[in-house]
Amino acid sequence: MTEVIARTKKSLFWLYLGCGVFVLAVIGVGLGLCAAFGGIDTILAGIIPCVLLVLFMFVLCLWFCIRIYRAPENIIVREGNNLILPDGICPLRELQNVICRRVNNARGWSARWGTIILQTTQGEKKYEYVADVEAVHNRLIELMMQTKEN
């Protein structure tokens, strides 16, 4: 019996890609306005620091896009009494604790995706960009309890 427990939130790729394109559009408009209404002094004094900041933000968005694109589609798959993980097989009996961390900000907003941390006898395994992280957490805790009862 095969059950996919955790998947990667692939829609985040499009979110970060959109942010990167938006950042490039902002820099293009800013450079166009400076070229139209200001001289070389305006560009050198005010725009170069902004351009560097915007380029940093674009590289950061691109880095997130690459990380999400390279993440496996199925993060945790259950086959019988084993969990198939991106970095190997983990028997359910070795699972000691499961921690989930939802993405949130300072204003209390939180997303349904986040990070799942599996604590096993072999060590700790951390997986990011997990879709519906609380449901994954609850399912893994349920499987862990079923294994300990048997």
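The questions and answers below concern salt bridges, a hairpin and a surface patch in a predicted model.

Reader: Are glutamate 3 and arginine 78 buried or exposed?
Author: A residue counts as buried under 20% relative accessible area and as exposed over 50%. For glutamate 3, and likewise for arginine 78, the class is buried.

Reader: Which element holds arginine 139, the residue that pairs with glutamate 3?
Author: Glutamate 3 also forms a salt bridge with arginine 139, where the closest N and O atoms are 2.8 Å apart. Since glutamate 3 lies in strand 1, this pair ties together parts that are 136 residues apart in sequence, and the element that holds arginine 139 is helix 3 (residues 133–149).

Reader: Which residues are linked with Glu3 in a network of salt bridges?
Author: Glutamate 3 has salt bridges with arginine 78 and with arginine 139. The network also takes in a further residue, so that the residues linked with Glu3 are Arg78, Arg139 and Glu142.

Reader: At what relative accessibility does arginine 67 count as partly exposed?
Author: Arginine 67 meets glutamate 128 in a salt bridge of 2.2 Å, N to O, and this pair links helix 2 (residues 40–70) with strand 7 (residues 123–130), 61 residues apart. Glutamate 128 counts as partly exposed because its relative accessibility is 30%. Arginine 67 is likewise partly exposed, at a relative accessibility of 31%.

Reader: Which residue of strand 4 stands opposite asparagine 82?
Author: Strand 3 (residues 82–85) and strand 4 (residues 88–91) run antiparallel and are joined by 4 bridges. They form a hairpin with 2 residues between them, and in strand 4 the residue opposite asparagine 82 is proline 91.

Reader: What area does the nonpolar surface patch with Trp63 have?
Author: Tryptophan 63 is found in helix 2 and counts as partly exposed because its relative accessibility is 42%. Together with Leu53, Phe56, Met57 and Leu60, Trp63 makes a nonpolar surface patch of about 500 Å².

Notes
Residues are numbered from 1 along each chain as its sequence is written. This is a predicted model: local features need pLDDT of at least 70, side-chain atom pairs count only at pLDDT 80 or more; totals for chains, interfaces and linings use all residues. Side-chain values use heavy atoms; hydrogens and water are left out. Two strands pair if DSSP finds at least two bridges between them. A salt bridge is a side-chain nitrogen of Lys or Arg within 4 Å of a carboxyl oxygen of Asp or Glu. Buried means under 20% relative accessible area, exposed over 50%, partly exposed in between (1.4 Å probe, protein chains only). Patches are made of residues with over 30% relative accessible area and no salt bridge: like charges are joined within 9 Å, nonpolar side chains (Val, Leu, Ile, Met, Phe, Trp, Tyr) within 5 Å. Accessible areas come from the Shrake-Rupley method with a 1.4 Å probe; for residues, only the protein chains shown count as cover.
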